[in-house]
Amino acid sequence: MDKISMKMKTTQLIAILWWVVAMMALPILAHGSIDQSPAAVKKWFKELRHAKEKLTELHFYVHDRVTAESPTSVLVAQANSTSKSPTMFGATYVFDDPMTLGPEPSSKIIGHANGITSSASKEEDASQIGIMNLVFNDGKFNGSSLSVLGDYPFFQKYKEMPIVGGSGAFRLARGIVTAIIHTYNDTTQNEIIDFHVLVLHY
């Protein structure tokens, strides 16, 4: 076999290998960083007994804007007595807050925290119940999410909320989110929250 024929065959082989890799990657790219089709999820469960649980630590900032020109948190319901309550009992907000690597608003966005908070305490210490999904759209967890449900005691320094599940790379996740107010503006009610996440997943 001459050198030209050998070179052509090598080029063809490389092209075929690239095509195979591209075809295998299509279902992954369609859903982010992990294939989330029903068949893939079923296969994942079948292989779960061989999987090892691992701990992942995440750190990012959530920007909650209530009175900005383009708010990310809006009041959707309240009771007749809410405005007279010192804890705003009954006030319910829906939010879609950007998650960023750093505390600056211009920092890189890695996802969104979206969900509902409701003032659920009539006591002196304001407390909210929070239901949220932390949805990632960047990096190795692109297309994956964490589901959080728990108490959000506004005036406590550390707000600990349990992770009750997840999707994509975080299937069957469990863990803890510790939220700390980074900055809060009394006038605008806008805040930046420091999120520390410890999550066990497969």
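Is Asp138 buried, partly exposed or exposed? Asp138 is partly exposed, with a relative accessible area of 29%; here buried means under 20% relative accessible area, exposed over 50%, and partly exposed in between (1.4 Å probe, protein chains only). This is a predicted model, in which local features need pLDDT of at least 70 and side-chain atom pairs count only at pLDDT 80 or more, while totals for chains, interfaces and linings use all residues. Residues are numbered from 1 along each chain as its sequence is written, and side-chain values use heavy atoms, with hydrogens and water left out. Helices (H or I, at least four residues) and strands (E, at least two) are DSSP runs, numbered from the N terminus.

**Salt bridges**

- The structure holds 3 salt bridges, a salt bridge being a side-chain nitrogen of Lys or Arg within 4 Å of a carboxyl oxygen of Asp or Glu.
- Asp138 pairs with Lys108, with 3.2 Å between the closest N and O atoms. This pair links distant parts of the chain, since Asp138 sits in the loop between β5 and β6 (145-153) and Lys108 in the loop between β3 (92-100) and β4 (109-119), 30 residues apart.
- Lys108 is partly exposed, at 46% relative accessibility.
- Arg174 forms a salt bridge with Glu53, and their closest N and O atoms are 3.0 Å apart. Arg174 belongs to strand β8 (residues 174-184) and Glu53 to the loop between α2 (38-46) and β1 (54-64), so the pair ties together parts that are 121 residues apart in sequence.
- Both partners of that pair are partly exposed: Arg174 has a relative accessible area of 44%, and Glu53 has a relative accessibility of 29%.
- Lys43 and Glu47 meet through their side chains in a salt bridge of 2.8 Å, N to O. Glu47 is partly exposed, with a relative accessible area of 41%.

**Strand β9 and its partners**

- Strand β9 (residues 191-201) is largely enclosed by the rest of the structure, because 8 of its 11 residues are buried.
- β1 and β9 run antiparallel and are joined by 11 bridges; two strands pair if DSSP finds at least two bridges between them. Leu58 stands opposite Val197 in β9.
- β8 and β9 also run antiparallel, with 10 bridges joining them. Here Arg174, the salt-bridge partner of Glu53, stands opposite Leu200 in β9.
- The hairpin of β8 and β9 has 6 residues between the strands, and Gln189 in this hairpin takes a positive phi near 65°.

**Two buried residues in strands**

- Phe136 lies in strand β5 and is buried, with a relative accessible area of 5%.
- Leaving out residues up to four places away in sequence, Phe136 touches a set of residues including Leu58, Phe60, Met99, Ile110, Phe141, Leu146 and Phe170; contact means heavy atoms within 4.5 Å.
- The C-alpha atoms of Phe136 and Leu146 are 8.6 Å apart, and the two residues are separated by 10 residues along the chain.
- Ser118 is in strand β4 and counts as buried, at 18% relative accessibility.
- The side chains of Ser118 and Thr92 make a polar contact at 2.9 Å. A polar contact is a pair of N or O atoms within 3.5 Å; within protein, one must be able to donate a hydrogen and the other to accept it, and residues adjacent in sequence count only if both atoms are side-chain atoms.
- Beyond its neighbours within four places in sequence, Ser118 is in contact with Gly90, Ala91, Thr92, Ser127, Gln128 and Ile129.

**A nonpolar surface patch**

- Val74, Val76, Val94, Ile116, Ile129, Ile131, Leu149 and Val164 form a nonpolar patch on the surface, with about 630 Å² of accessible area together. The elements giving two or more residues to this patch are β2 (73-77) and β5 (127-136).
- Patches are made of residues with over 30% relative accessible area and no salt bridge; like charges are joined within 9 Å, and nonpolar side chains (Val, Leu, Ile, Met, Phe, Trp, Tyr) within 5 Å. Accessible areas come from the Shrake-Rupley method with a 1.4 Å probe, and for residues only the protein chains shown count as cover.

**Positive phi in loops**

- Most residues other than glycine have a negative phi.
- Met88 has a positive phi near 55°; Met88 lies in the loop between β2 and β3 and is partly exposed, at 33% relative accessibility.
- Leu172 has a positive phi of about 60°. Leu172 sits in the loop between β7 (159-167) and β8 and is partly exposed, with a relative accessible area of 41%.
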